[in-house]
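Thanks for coming. I will take a few minutes to walk through one model, so please have a look at it first.

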Amino acid sequence: PETFYLKDYKPFGFEVESVELIFRLAPEATRVLSKIRFVPREGAADPRFFLHGEELELISAQIDGEPVAPRLIDGGLECDVPSEPFTWESEVQINPAANTALEGLYMSNGMYCTQCEAEGFRKITFYPDRPDVMSTFKVRIEGTEPVMLSNGNPGDSGAGFAEWHDPWPKPAYLFALVAGELVNHPDRFTTASGKDVELNIWVRPGDETKCAFGMEALKKSMTWDEEVYGREYDLDVFNIVAVDDFNMGAMENKGLNIFNSSCVLASPETSTDMNFERIEAIIAHEYFHNWTGNRITCRDWFQLCLKEGLTVYRDAQFTADMRSEPVKRISDVIDLRARQFPEDGGPLAHPPRPEEFQEINNFYTATVYEKGAEVIGMLKRLVGDEAYYKALDLYFDRHDGQACTIEDWLEVFEDTTGRDMAQFKRWYSDAGTPRLKVAEEYDGETFTLTFQQSTAPTPGQDIKEPRVIPIAVGLLNDAGEEVVPTTVLEMTEAEQSFTFEGLSERPVPSILREFSAPVVLERETSAAERTFLLAHDTDPFNRWEAGRALAREARLAMITEGAAPDAAYLEALTSLVRDDALDPAFRALVLSPPSQSEIAQALHEAGTTPDPAAIHDAAETFSQTLAQAMADSLPRLYAATTVDGPYVPDAEGAGKRALNSAILGLLSRIDGGEAAAKQYEAADNMTLQLSALACLLRIEKGADQSAAFFEQWKDDRLVMDKWFGLQVSMARPEAAADVARSLCDHALFDMKNPNRFRAVMGALAGHHAGFHHASGAGYALLAEKLIALDALNPQTTARMCAAFQTWKRYDDDRQGKVRVELERILATEGLSRDTNEMVSRILN
Ligand code: DPP
Ligand code: ZN
């Protein structure tokens, strides 16, 4: 397969002045007529007229009204064209009904929809399908569907047709079309400058009762972007459509966002608190793309993090403002460590701005998104809030309507702050997570922190130069008071010391507050000091972090030394959970244990080969011991954290329910499931129903409830995804693969629905002890199903291959078994380019 390189970038030899498209819809034979005005660029480096096109049947082509005979070549066509501006017309035929890859124009439950990012538009018509080619679009849809939507503002419509006009130049990846039997949940929004905007969420009949929450989230996002970034919406309508079969979470098509139904439909009976929070965040994310992504887009796909990192950063700010800032930060760091750190430390490591790829769809990663957002957080910490927003204003002023690069982005910071961004740019160009070692010294007056940074080699990058690292530090006295408030130290060298003068007592440092940089902090310290920070740190993130470190160390001691669960830690945890003055959401986070995969990673980094079974046993023993240690207070705590009154999906209620369900998890270990069974019976919302079911399944007492749940929800696809997933994640390690296998044979299992596939196979991959069971059954089943899925849907297959990325952590026997499976996938005839690239990288 061909590899594409950043260094080879050349602009397209033509400008596209306008695009007019006509769609004649038919499930198996849709005709697409295009009329595109091209203007040759003076002195173009590459004057070749090449249009991308894949899986298209060319019916006819004309230039300025005269038939032409383009040369069909791999991936598109070439044609001889005039040296003056000309009009290209073509007619192609496509088969949406046969499109199971869910890229281009496809059908989902009888409804037409599209997904064009990154390179799906070329499956709709011949076009220069690259983000730096921007144009206005006029679209006419002809069909019998009652609702037919595209980007921009509505034009004429009548029996059998609808027209749309998008006045804002956009790249083809933001094109969208939806047609089907849809109903809308309508609303309106008036922008800061008084513009009236029509808002709609379009869903299948029956789902219109699940739109109100998403609509509120959209309006909050619109207000927030005006208030915080000064960005207003720019069309007369904003449409969101829910689609059942979708590879991603959602897509920011201009004026017509398309959502995986799991990321927009919400009701108390069918959605959990976590679903509500995620839906709010994703609606915000896609809306915020209107400026960071659509009005200012990417020059090429290597720059993907320009829009994604920034938009994730913006949606995280939004969630922090709508909910709890510390809780959001802690959750994001848990997620970063669970998904991005393993990527950064394994065979798939790549910089936030990669310099080569075979299939861009494989780079919609935690590194591009989440680390991309962390990099922006660091930038903001380094320059300060005021300079950050000044730089953003300049970015919007200077680059509106353009397709940009990371260089353009950094330049607005250079121009507003006078800072040299050359060293900072390494965060974009270098892969790998820096490790930051710290040593402390106190001489009776001066406290010195000495940091050393180093980054291990990553694929293709052997030598790592020092990066700029913002290290937020605060110093506490013995009473837990701040003697030095949070200060951002700017580390630029491989080794660097920072001093704090005039301290009459040795302070306790709180380092990397708010997780001020995406690094691994290595700090040798006592359990006593961690316990002190867990009780007293004035930075909530570091307070949680101290507890996390204690939890990890207690777990490691159990696994490597056969130690009992650390008594002092159990004690500290218990008193924190009982402290009613603390935010319940925070207490729930402290109570939730590190994942087994995180423990495996910690063991691996400490030079011990992780044994998944031992890690699993230690986790069980720990929770069981904690439950027994707290036995007397659990019933009272459970009662005290129960939320009364009707369900409201706000942060406060969600926090209380999170704590309540963590306590129920412990309680069910000692009461035989009595409280959980009662909660299951009484539950009037999905959060309580599902947490009770999970607790019961974990202690193998939930068979009746699970059957009842199935009966109650078998017609609701999204709730059934939860049911499918829970069967696997609550299975005993030795049974997990078998459970997953039989679920794949279930009447309601559907290979073609990515949500359902991920519900089962994603749960297996996330069941650490089950997936990595010594039998190798987990590896074999995942490989088998990935091979089957690849023939239908390469994108989802390739992304799920990442489940194997940590394979080199484990023992030779497991590595041998994984290798066999990876090689089996690779040897599959007709394997997609997507999966081929992923598996090849993981193997190397
Ligand atoms: N749909 C993806 C996102 O919003 C790709 N742009 O991040
Ligand atoms: Zn995005």
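A word of caution: what you see is a predicted model.

Let me start with the layout. The protein chain is split into domain 1, covering 4-259, domain 2, covering 297-429, and domain 3, covering 714-844. Taken over C-alpha atoms, the centres of domain 2 and domain 3 are 30 Å apart. Where these two meet, nine residues of domain 2 contact 12 residues of domain 3. On the domain 2 side, that contact is made up of three nonpolar, four polar and two charged residues.

There is also a record to mention. An unreviewed UniProt entry lists residues 528-844 as "domain: Peptidase M1 alanyl aminopeptidase C-terminal". In the model, that span is 71% helix and 0% strand, and its end C-alpha atoms are 43 Å apart.

Now the strands. Strand 2, residues 14-24, runs antiparallel to strand 3, residues 30-40, with 10 bridges between them. The link is a hairpin of five residues. Across this pair, serine 18 faces arginine 37 of strand 3. Strand 3 also pairs with strand 9, residues 86-94, again antiparallel, over nine bridges. There, serine 34 has serine 90 of strand 9 as its bridge partner.

Last, which residues surround ligand 1? They are Glu117, Met248, Ala250, Met251, Glu252, His285, Glu286 and Glu308. By class, that shell has three nonpolar, one polar and four charged residues. Strand 20, at 250-251, and helix 2, at 273-288, each provide at least two of the shell residues.

Note on methods
Residues numbered from 1 in each chain as written. Chains lettered and ligands numbered in written order. Predicted model: local features only at pLDDT ≥ 70, side-chain atom pairs only at ≥ 80, totals over all residues. Near = placed C-beta within 6 Å. Helix = DSSP H or I, 4+ residues; strand = E, 2+ residues; numbered from the N terminus. Nonpolar A, V, L, I, M, F, W, Y, C, P; charged D, E, K, R; others polar. UniProt positions renumbered as here; feature names shortened; annotations may be inferred. Domains from an automatic or database assignment. Contact = placed C-beta atoms within 7 Å. Pairing = 2+ DSSP bridges.
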